[in-house]
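The following report describes a structure for a reader who is new to the subject. Please keep the sequence and the model in view while reading.

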Amino acid sequence: MTCDEAQILLHALLDNELDAGHARELEAHIATCPACTAEFAAQRDMKCVLAGTTLGYSAPATLRARIEASMPQARPQPSRRSVLRGFAMGSAVSALAATGIVAVVLRQDDQQRILSEVVSAHLRSLQAGHLIDVVSTDQHTVKPWFNGKLDVAPPVIDLTAQGFTLVGGRLDYVDARAIGAVVYKRRQHIINLFVAQTASTEHRPPKTQTMQGFNCRRWGERGLNFWAVSDIGGDELTEFVDKFDAAMKANVEG
Amino acid sequence: MPVSDDFQKAQRFREAALPYLDDVYTLARYLLRDASDAEDAVQECYLRALKHFDSYRGPAMKPWLFAILRNVCNAEYARRAHSHAAIEDTPGAADQTPMWQESEASPETEVLRSRDAGAIRKMIDGLAEPFKETFVLREISNLSYREIAEAVGAPVGTVMSRLARARAMLRAAWMAEEEHSK
Ligand SMILES: [Zn+2]
């Protein structure tokens, strides 16, 4: 290693950016070179002094306010506005509590939007050639197929014995993110089980909604959000979700 | 009926980008050396970022915002009639002074006296571009080399040599100050 190289790499060492191989080489050079020893010590000292000094600036509150003001503000639709107005006039709660209500309303809206995306994805999948990326009735084939394609591979559980045949898996897109879809068949009906990772680890009990003539049962478990979508009846979809849930719990505990 | 998409997008953007406001403002202060110009640049940066938020695919929000801020600042440099100091490599700048001349002039390791933040900020302000920018991104904004390379659109090797150069210049300025105040 030359001094020119060492004089650049010593900064990478100070910044913890140097790989082990180069670090060893550099340390060996420094040990035998007084000029680089001096430069390394000098730069390390300066870095220490800098680290002990506040060199950043805080953005003025007025700047934050200007930026906030320049962004689209909440403009609730009439129906919701009347709900909020009624709420605000009909009770003496603080403005803070009112904001909490808005947050709850918006979060539900978000759920609604995602639900409609999930149903659209289900519809797309029913078009010829779009249903399945990996065709297999074997969960040990489908599950590994997802590995590396998603941050978290969805649980793939064979429910053939329980009356729901695993037919394969697919990558889909919901809410601008890639998510996994595990595909089942009940007689001639398709069930798409969409699985997405979520920051929340809380358990959300299953709930069925209908949209565009499809039943959708969604729930949250162990940091995952699930949506089961199908044109089978609500009772059958509930049965599917119950059996899936029971099998998943048995898998985790077993 | 859902609340307007614009609002939802703005809400996601707020959560993702506003936590970095101090970082973006800090970089703007160092790049523009003027509090009110920095405020304008940061506001413009956030407006543009919101506009392009749909196409944002990561990986990290901070370098992405910094890259946008840089473009805003370069436009500001162009606007400032008297300054030609855009954040570009001046041809041959790196060759004008040997990188190690400063430290080799005093090879004995002098311990720098601690200075107040104002004095150090002023010395950093005095560094030439693109070295100052690289230094601030590393030492104050805490970006990794790879993130700096991404934000400034230069190879990692270039980032490394600029950083070495910036630190050598800063240390030289620091020692010159101490010499002066003796
Ligand atoms: Zn050497």
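Where in chain B is B:Pro130 found? B:Pro130 belongs to the loop between helix H7 (117-125) and helix H8 (131-139) of chain B. A cis peptide bond, with omega of about 5°, joins B:Glu129 to B:Pro130.

**Basis of the model**

This is a predicted model, in which local features need pLDDT of at least 70, side-chain atom pairs count only at pLDDT 80 or more, and totals for chains, interfaces and linings use all residues. Residues are numbered from 1 along each chain as its sequence is written, while chains are lettered from A and ligands numbered from 1 in the order in which they are written. The pLDDT is the predictor's confidence in each residue, from 0 to 100. For chain A it averages 81, and 84% of the residues score at least 70. Over residues 75-106 of chain A, pLDDT stays under 50, and the model has 16 contacts for them beyond four places in sequence; two residues are in contact if their C-beta atoms, placed from the backbone, lie within 7 Å. Where pLDDT is low, the predicted coordinates should not be read in detail.

**The sheet of chain A**

Helices (H or I, at least four residues) and strands (E, at least two) are DSSP runs, numbered from the N terminus. In chain A, 7 strands form an open antiparallel sheet in the order S1-S2-S3-S4-S7-S6-S5. Its edge strands, S1 (134-135) and S5 (204-211), each pair on one side only; two strands pair if DSSP finds at least two bridges between them. Strand S3 (residues 177-186) and strand S4 (residues 189-197) of chain A run antiparallel and are joined by 7 bridges. Within S4(A), A:Phe194 is the bridge partner of A:Ala181. Helix H7 (residues 139-146) of chain A lies across S1, S2 (165-174) and S3 of chain A, at about 15° to S2(A).

Chain B has 10 helices and 0 strands. Of its 182 residues, 37% are buried, that is, with 20 or more other C-beta atoms within 10 Å of their own; 12 or fewer count as exposed and numbers in between as partly exposed, with C-beta atoms placed from the backbone.

Two packed helices are described by the angle between their axes and the distance between the axes. Axes are lines fitted to C-alpha atoms, for helices over the stretch in contact, and angles run from 0 to 180 degrees between N-to-C directions.

Helix H1 (residues 3-14) of chain A packs against helix H10 (residues 156-181) of chain B at about 90°, with their axes 9 Å apart. H1(A) is therefore roughly perpendicular to H10(B), a term for angles of 65 to 115 degrees. Residues making this contact include A:Ile8 and A:His11 of H1(A) and B:Leu163 and B:Arg167 of H10(B).

Within chain B, the axes of H8(B) and H10(B) come within 8 Å and cross at roughly 95°, which means that H8(B) is also roughly perpendicular to H10(B). Among the residues that meet are B:Phe135 in H8(B) and B:Leu163 in H10(B).

| Residue | Phi | Loop |
|---|---|---|
| A:Arg187 | about 50° | between S3 and S4 of chain A |
| B:Asn142 | about 65° | between H8 and helix H9 (145-152) of chain B |

Why does A:Arg187 count as exposed? A:Arg187 counts as exposed because it has 9 C-beta neighbours inside 10 Å. B:Asn142 is exposed, with 11 other C-beta atoms within 10 Å.

Methods: Parallel < 35°, antiparallel > 145°, perpendicular 65-115°, else oblique.
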